[in-house]
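Dear colleague,

Please find the sequence and structure below. A short account of the findings follows them.

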Amino acid sequence: MSQSLLNFLTRTEVWASASALVGFLTLTWLIRGAPIGQSMPDEPAGSPRPAYRDRVIGLAVFGFLLVLAGAVLAFRVGIPWSIPVFGGGFALLIAVMKVNRRYRHQSLSIRRAYEFANTALTASLVAGILVVGNIVAFKYGGRAIDLTRDQSFSLSPQTIAQLQSLDRDLSFTVFFGSSERSIRQLERVRQLLDLYKAANPSKVKVDYLDPNLDLKEFEALVKRVPQIQLSQAGGIVMTFGEGEGAPLSFVGIQELFALKGNPADSRADRFVTSFSGEEAVTSALVRLREGNRSRIAFTTGHDEPSLGELDPSRAGLGLWRARLSSVGIDAVVADLRREDVPDSVNLVVICGPKRPFQAEEIERLKSFIIRDGQLIVLLSNTEPTGLEDFLKSYNVEIGPGRAVDPRYNFQRRPFVIYAPIPPGSTQPIVESLVGRYILMPSAGPLTTLGGPPKPGTLATQKLSNPGVRAVPFLRSGPDSWVESTPEARPVERDPARDVAGPINLGVAVIVPPARPSDPIRPRMVVLSSAAVADNPMVRLEPTNLDLLMNAVQWLRGRPSSAIGIGPKTHESLQFNADTGLKTRLVMVPTLLAVLVIIGLGITTYIARRD
């Protein structure tokens, strides 16, 4: 079969025409009492001629099909295009009824055609009234009645107040992936944004982009918001105002949905999806309107990666910086060799230093911590950083050697490992990432001082600072180990020298509460891979960026712009059955249906024969 013929057969209008023809032949057969081309059953004397009856039946069926075609045009093309088609269909049905009213008691086939036209006309008018009434009620009838248990199709008063007080245009640009899950998620997001638009139609605009079809538009969007290329599952770009300088915000799909339980697990009979779309979108809108942007500082002067590099294939932190900007956080540079950390900064990031920090820089970091500042430290053990004693004062120490994992690694590179986030992880940084993996190249082992030692693992030491506690939240897989001689080949574990995993790769430092009712005060997050935030690593594994953003939000506390709108929870039940039961559930009804059809055919044949 040629490609041109395949293309022809896949066109919508071809199947629509074929369906119309089948419908015409079927309805005509039912009304005539015989297929087209065969003589109709005998009728009483005085009935119109068979040719006239065939024309009446054909016009009634054709008029009904015109009405259906008008409905399709109204939905797919527009109401103006459907009006002539509707008019032709209604005119034919009315003409059939008016002209043949006098024959309905003389001819059985014309009576059937008359009743068919009357029913089709009545049903079409009733359906039209209901559709128009619903449209009018939706546009002018005020707020819809939402009878769902968790008010899934209603906006909160906070969101409605924000939308109705808009003084500038608000544009949503939505893009999603092509997977089955993405399509389901897109429908839920579409429902939400339809409610946003209905709350203020004159100010809110919603556009949808298909990254595979709308290539030019999507490329232009990527240039404006570079971090969206990391969100393969999709997301929403919000623009508040007009022009190139209008403030933007990006809300990724991972911020809208949270899945509890794994739907891919065939053993699970239920899983719960929590949709926090309204809180995420409205919180982003609040940030855009108020313009309240916080600042975090990245240290410089030690050959750290560039904040301005946005190319995903080149080393740099530009993609992380762009993601921070999308949630209202400005990334600035702090040179601790020359000045203290600015008072407007409450979070400092130390990322991949290749030259050691000097004594005066360490003192400035200590002063920053004393004034209630927080730190994110991303470093490896390949070269001295000057931070060793400083970290040890917070009960964290990075040891020698390199983490190796023969099972969880990238393209069989044993030193470029994945750290799995197992079920049951409750630390806020990783709780939303359960079931995912963090890419940790050239990671070293972290030791938390003061914790209970475990047989076969890194020995712990005495607490350096009793006022804080270091808590591991990210570990390597169970088959991993610390390779004491990374340069040796082949890479094999020496039980006498190499410590067995899991290995601590991420540690959170907290100030324990004085009383059980007091909150925990976050102080520091340490990751033992200097490249975990690099553009190439983030491009290969977007979960890295999610982990970093979670660490930022955990250290800073709940964002002040979050307005506390509860998530909408959807619980999906799944029926589990073994292969044999599934086969029977499919085959038994199918065989019964076939037997019933064969039995009816035999019964009809016998009845007609007798």
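Val594, Ile598, Ile602, Tyr605 and Ile606 form a nonpolar surface patch with about 480 Å² of accessible area together. Patches consist of residues with over 30% relative accessible area and no salt bridge, nonpolar side chains (Val, Leu, Ile, Met, Phe, Trp, Tyr) being joined within 5 Å and like charges within 9 Å. Areas follow the Shrake-Rupley method with a 1.4 Å probe, and for residues only the protein chains shown count as cover. Isoleucine 602 belongs to helix α16 (residues 579-609); helices (H or I, at least four residues) and strands (E, at least two) are DSSP runs, numbered from the N terminus.

This is a predicted model: local features need pLDDT of at least 70 and side-chain atom pairs pLDDT 80 or more, while totals for chains, interfaces and linings use all residues. Residues are numbered from 1 along each chain as its sequence is written, and side-chain values use heavy atoms, without hydrogens and water.

The whole structure contains 13 salt bridges (a side-chain nitrogen of Lys or Arg within 4 Å of a carboxyl oxygen of Asp or Glu). Arginine 338 and aspartate 335 form one of 2.2 Å, N to O. Arginine 338 is exposed, at 61% relative accessible area, whereas aspartate 335 is buried, at 11% (buried is under 20%, exposed over 50%, partly exposed in between; 1.4 Å probe, protein chains only). Asp335, Arg337 and Arg338 are linked in a salt-bridge network.

Aspartate 546 and arginine 436 form a salt bridge of 2.5 Å, N to O. Aspartate 546 lies in helix α15 (residues 543-556) and arginine 436 in the loop between α13 (428-431) and β15 (437-441), so the pair ties together parts 110 residues apart in sequence.

Yours sincerely
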